[in-house]
Amino acid sequence: MTRHSPEPETRDVMAILMKIYLFTYNLIQFLGFVWIFSNMTARLVLEGKESVYHTFKFCWTTMFICQILAVVEVINPALGLVNTAVFPAMVQVMGRNVILFVIFGSLAEMQNRVVVFFVFYLWSTIEIFRYPFYMLASIGLEWRLLTWLRYTVWTLLYPLGTVAEAVAVVQSLSLFDASGLYSIPLPAALGQSISFSLTLKLYLFVMFLGLFINMRHLISQRRRHFLRRELKVD
């Protein structure tokens, strides 16, 4: 039985719908992170360093929404909707979700710490350049300054973000030990339980392995993008 490819009109409609979908997703994420960045910056200027301790209180809802939506960035390449690697996207999304939902979301004692400010600020600074770049790319547009920023700012901010996340993990270890949260109970003959902090200690290694993987991926992306531009110019 012969399979017929979609009619040209159908393909055109699907392409338009895909552009609308990608543009809208990136626009929503951009607006979310702009709100977080602007809120944190304004409160820091107006209230001073005291505002740093209340970052989670004022920004957690928007950050939770943005990070839940970010799961789409793993689904899109998995379905072939965008031309990017699945694994690096999964590493970043899952890594951030561990920090946000497991550490900050589960431990009230972590929510008023300075490290929350640095994690949120670094994440949002990266994303206010990344999302508009993809937003324009989805409709075939490019702003050269934005492109340069998108492929450059992460070289400093991404490692700093990983360091801030690692600090959050380290600060949470004693809290998980004391609370027993997420600990795995064991039979009496083997001991009381396996603390979740052991899992987080292993996760620290995975975190820096993920940094290495994503840095390699991003460097490769940057090299390919600017090489294509040079070839076009020539």
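Tutor: Before we look at any one residue, note that helices (H or I, at least four residues) and strands (E, at least two) are taken as DSSP runs and numbered from the N terminus.

Student: How many helices and strands are there in the protein chain?

Tutor: The protein chain holds 8 helices and 2 strands, and when you read along the sequence they follow the pattern α-α-α-α-α-α-α-β-β-α. Please keep in mind that this is a predicted model, in which local features need pLDDT of at least 70 and side-chain atom pairs count only at pLDDT 80 or more, while totals for chains, interfaces and linings use all residues. Residues are numbered from 1 along each chain as its sequence is written, and side-chain values use heavy atoms, with hydrogens and water left out.

Student: What does the C-alpha trace span along its principal axes, and what share of the residues counts as buried?

Tutor: The C-alpha trace of the protein chain spans about 65 × 60 × 30 Å along its principal axes. A residue is called buried under 20% relative accessible area, exposed over 50%, and partly exposed in between, using a 1.4 Å probe and protein chains only. Of the 234 residues in the protein chain, 41% count as buried.

Student: How should I read a salt bridge, and how many salt bridges does the count come to?

Tutor: The rule asks for a side-chain nitrogen of Lys or Arg within 4 Å of a carboxyl oxygen of Asp or Glu, and here the count comes to 4 salt bridges. One of them joins the side chains of arginine 130 and glutamate 73, with 3.0 Å from N to O. Arginine 130 belongs to helix α5 (residues 114-137) and glutamate 73 to helix α3 (residues 72-78), so this pair ties together parts that are 57 residues apart in sequence. Both of these residues, arginine 130 and glutamate 73, are buried.

Student: Which residue forms a salt bridge with arginine 96?

Tutor: The partner of arginine 96 is glutamate 127, and the closest N and O atoms of the two are 2.7 Å apart. This pair also links distant parts of the chain, since arginine 96 sits in helix α4 (residues 86-104) and glutamate 127 in helix α5, 31 residues apart. Arginine 96 and glutamate 127 are both buried.

Student: Which residues are linked in a network of salt bridges?

Tutor: The network links Glu73, Arg96, Glu127 and Arg130.

Student: How do I tell a cavity from a pocket, and how many cavities of 30 Å³ or more does a search of the whole structure find?

Tutor: On a 1 Å grid over the protein atoms alone, a cavity is a set of points where a 1.4 Å probe fits but cannot get out, whereas a pocket is an open set with protein on both sides within 12 Å along at least five of seven lines; lining residues have an atom within 4 Å of a point. Grid points are joined across faces, edges and corners, and the volume is the space filled by probe spheres set on the points. The search of the whole structure finds 1 cavity of 30 Å³ or more, and the largest cavity has a volume of about 40 Å³. The residues that line the largest cavity are Gln67, Ala70, Glu73, Gln92, Val93, Arg96, Glu127, Arg130 and Tyr131, and the elements giving two or more residues to this lining are α4 and α5.

Student: Which residues lie closest to the centre of the largest pocket?

Tutor: The largest pocket has a volume of about 1200 Å³, and of the 40 residues that line it, those closest to its centre are Phe133, Tyr134, Arg150, Tyr151 and Gln221. Two or more lining residues come from each of α1 (8-47), α3, α4, α5, α6 (144-150), α7 (154-179) and α8 (196-233), and α8 gives the most, with 10 residues. The second largest pocket holds about 340 Å³ of space, and of its 23 lining residues the closest to the centre are Val91, Gln92, Gly95, Tyr203 and Gly210. In the lining of the second largest pocket, α4, α5, α7 and α8 each supply at least two residues.
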